Amino acid sequence: VQLQASGGGLLQPGGSLKLSCAASGRTFSPSAMGWFRQLPGKEREFVAAITWRDRTTRYAGSVRGRFTISRDNAESTVYLQMNDLRPEDAAVYYCAARGGNRPIWSSMSEQTTYDYWGQGTLVTVSS
């Protein structure tokens, strides 16, 4: 299973960007997918996640109300719509997928919940 993230770029504060992450490889039906981000010198942190069957979502407090995660079941793709971007949102964004049972809500933000990781896409927010 491979995850291919795309959509990163450079934009000004207040702008919007939509990231995509497509799962490919053997027939794969994730139970959940998520987005994490990492700044240089810092630990990777949770951004948002969604369960595949019932679309339960979870967001980090810092992005709630500005970011929206969604998924396309037919394409095994997860999206992250980011609005009102701030300089502190600048980071490398990674997508992740879980192949096992549906995670409980409290574990959706934990990196150990996910089995597969994409290569990351860079988001830069600067005026």
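I take buried to be under 20% relative accessible area, exposed over 50%, and partly exposed in between, with a 1.4 Å probe and protein chains only. By that scale Arg-55 is exposed, because its relative accessibility is 52%.

Ground rules. I am reading a predicted model, where local features need pLDDT of at least 70 and side-chain atom pairs count only at pLDDT 80 or more, while totals for chains, interfaces and linings use all residues. Residues are numbered from 1 along each chain as its sequence is written, and side-chain values use heavy atoms, with hydrogens and water left out.

Entry on Arg-55. I placed Arg-55 in the loop between β5 (45–51) and β6 (57–59). Strands here are DSSP runs of E of at least two residues, numbered from the N terminus. I looked up the phi of Arg-55 and found a value near 60 degrees, positive although the residue is not glycine. For contacts I use heavy atoms within 4.5 Å. Beyond its neighbours within four places in sequence, Arg-55 is in contact with Ile-50 and Arg-71.

Entry on Asp-84. Asp-84 also has a positive phi without being glycine, here near 50 degrees. I found Asp-84 in the loop between β8 (77–82) and β9 (91–98). Asp-84 counts as partly exposed because its relative accessibility is 39%.

Entry on Ser-31. Is Ser-31 buried or exposed? I have it as buried, because its relative accessible area is 10%. Ser-31 lies in the loop between β3 (17–24) and β4 (32–38). I listed its contacts, leaving out neighbours within four places in sequence: Thr-51, Trp-52, Arg-98, Gly-99, Gly-100, Asn-101, Arg-102 and Pro-103. A polar atom of the Ser-31 side chain lies 2.9 Å from the backbone oxygen of Gly-100.

Entry on the sheet. I traced an open sheet of 4 strands in the order β1-β3-β8-β7, with antiparallel pairing. Two strands pair if DSSP finds at least two bridges between them. The edges are β1 (2–6) and β7 (67–72), each of which pairs on one side only. On average, neighbouring strands of this sheet are turned by 15 degrees against each other, direction ignored; strand axes are lines fitted to C-alpha atoms, and angles run from 0 to 180 degrees between N-to-C directions. Ser-6 stands opposite Ser-20 in β3.

Entry on Cys-21. I found Cys-21 in strand β3. Cys-21 is buried, because its relative accessible area is 0%. Not counting residues up to four places away in sequence, Cys-21 touches several residues, among them Leu-3, Trp-35, Val-78 and Cys-95. As a distance check I took Thr-57, which is 36 residues from Cys-21 along the chain; their C-alpha atoms are separated by 16 Å.

Entry on the rings. How many aromatic pairs does the structure hold? I have 4. Rings of Phe, Tyr and Trp (its six-membered ring) pair if their centres lie within 6.5 Å; planes under 30 degrees apart count as stacked, over 60 as edge-to-face and the rest as tilted. Phe-36 and Tyr-114 have ring centres 5.6 Å apart and planes at 75 degrees, so I log the pair as edge-to-face. This pair links distant parts of the chain, with Phe-36 in strand β4 and Tyr-114 in the loop between β9 and β10 (116–117), 78 residues apart. Phe-36 is buried at 0% relative accessible area, and Tyr-114 counts as buried at 5%. Tyr-114 also pairs with Trp-117: the centres are 6.3 Å apart and the planes are at 75 degrees, so that pair is edge-to-face. Trp-117 is partly exposed, with a relative accessible area of 28%. Ring pairs link Phe-36, Phe-46, Tyr-114 and Trp-117 into a cluster.

Entry on charges over rings. I count a charge over a ring if NZ of Lys or CZ of Arg is within 6 Å of the ring centre and within 35 degrees of the ring normal. Arg-44 lies over the face of Tyr-94, 5.0 Å from the ring centre. Arg-58 lies over the face of Trp-105, at 4.0 Å from the ring centre.

Note on methods:
Polar contact = N/O pair within 3.5 Å; in protein donor to acceptor, adjacent residues only side chain to side chain.
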